[in-house]
Amino acid sequence: MRFRLVRSALNLFAPAPDKPDRKAAKRAAREAAAAANAPIVAATPVLRDMFDMAPHYLPCDEPFPLFNTAAIGTRTGFLMLARSCNTLCRNDGTYIHPEPSQRTSVNVLFETDRAGQVANRQRLDDSLLQAAPEAGAIEDIRLFAWRGAIWGLGARVRWLDATRYRADQVLVQIEAGRIVEFHPIPSPGGARIEKNWVPLVAGDDLFLAQSLAPLCLHRFEGGRIVAHKGTAPAGREFPVRGGTPFIPFRGHYLSLAHQAPRRANGKIYYLHQFVLLDDRLDLVEMSDPFFIQRRGIEFACGLQPLDAEALLLTYGVSDRRAAHVRLPIRAIERFCVI
């Protein structure tokens, strides 16, 4: 009798023979995807190997690394911005932090000349944003110019507990090193996490790209967004997202965006693509994928005119370096028909 009771109790916790083992199925799916991604990653070119693109890095005097550089042109050079936080990223996409319940994140502004030499630096004063009822750190800001002022679009992150957070997009106006105005943008679909939107300024109008594949644009007016073109994919499955702000380029709007992350060889990889829209904001072309500097985790956050032969590209490497590089226009011509 005791043997039958023990066996019955064990059977309660054993998977039923007619039900699939979901964990095993997910693990098998991940392994199959990683095996399929490995040759794709290996075959994807690296721009630095193809063109003269020696990276430069912003100096860091913060206690943790700077990464994900943004940039906007000024009268004397560029205003660059990079983020520093105490959550460090490994190459396999996992994160470590000294105290999970105490996450810190700051943004640092750099004034540079046209050659990228730093003339001044200061932390972005976000006290106005922090004084709001739903305060949170603003991360991965994309800088852009609109209506004669410098603006940024980033993710406002609020941690719910040690492992879960909420993120919505927020527009901020930056003046003299501080946020002087901000506009939270609730998720159109009610998602808990909204990240990596990018701005597009057309004339006097501001558009926000929630997704690039499929293309989904919103127009910002009267302090809120209005649907303009396309529909974002359901859930969090975004094949291609921003990316750098769109800039005018040869009668088009050009951005450099990243695909959804791929796992292979025990690491995480982010492939990038050029995205071209026409003057009606319709998708013209999405280039073949590439890496910028190395095969791994990279995030492009800024694209600005530099000279007759190149653009300034700013990006982050493995969430540990804040980089910028001279991107030859012939690299764009190599990947796009323009």
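Start by selecting His218, which sits in strand S14 (residues 215-221); helices (H or I, at least four residues) and strands (E, at least two) are DSSP runs numbered from the N terminus. This is a predicted model, where local features need pLDDT of at least 70, side-chain atom pairs count only at pLDDT 80 or more, and totals for chains, interfaces and linings use all residues. Residues are numbered from 1 along each chain as its sequence is written, and side-chain values use heavy atoms, leaving out hydrogens and water.

His218 is buried because its relative accessible area is 6% (buried is under 20%, exposed over 50%, partly exposed in between, with a 1.4 Å probe and protein chains only). Show the side chain of Gln210 too: it makes a polar contact of 2.8 Å with the His218 side chain (N or O atoms within 3.5 Å, one able to donate a hydrogen and the other to accept it; sequence neighbours count only if both atoms are side-chain atoms).

Next, select strand S21 (residues 272-277), where 6 of 6 residues are buried. His272, Phe274 and Leu276 point one way, while Gln273, Val275 and Leu277 point the other.

Now bring in S22 (residues 283-286), joined antiparallel to S21 by 3 bridges. Leu277 stands opposite Leu283. In the turn of this hairpin, which has 5 residues between the strands, look for Leu281 and its positive phi of about 65 degrees.

Finish at Asp21, in the loop between helix H1 (2-13) and helix H2 (22-43). Asp21 counts as partly exposed because its relative accessibility is 46%. A polar atom of its side chain lies 3.3 Å from the backbone nitrogen of Lys23.

Technical notes
Pairing = 2+ DSSP bridges.
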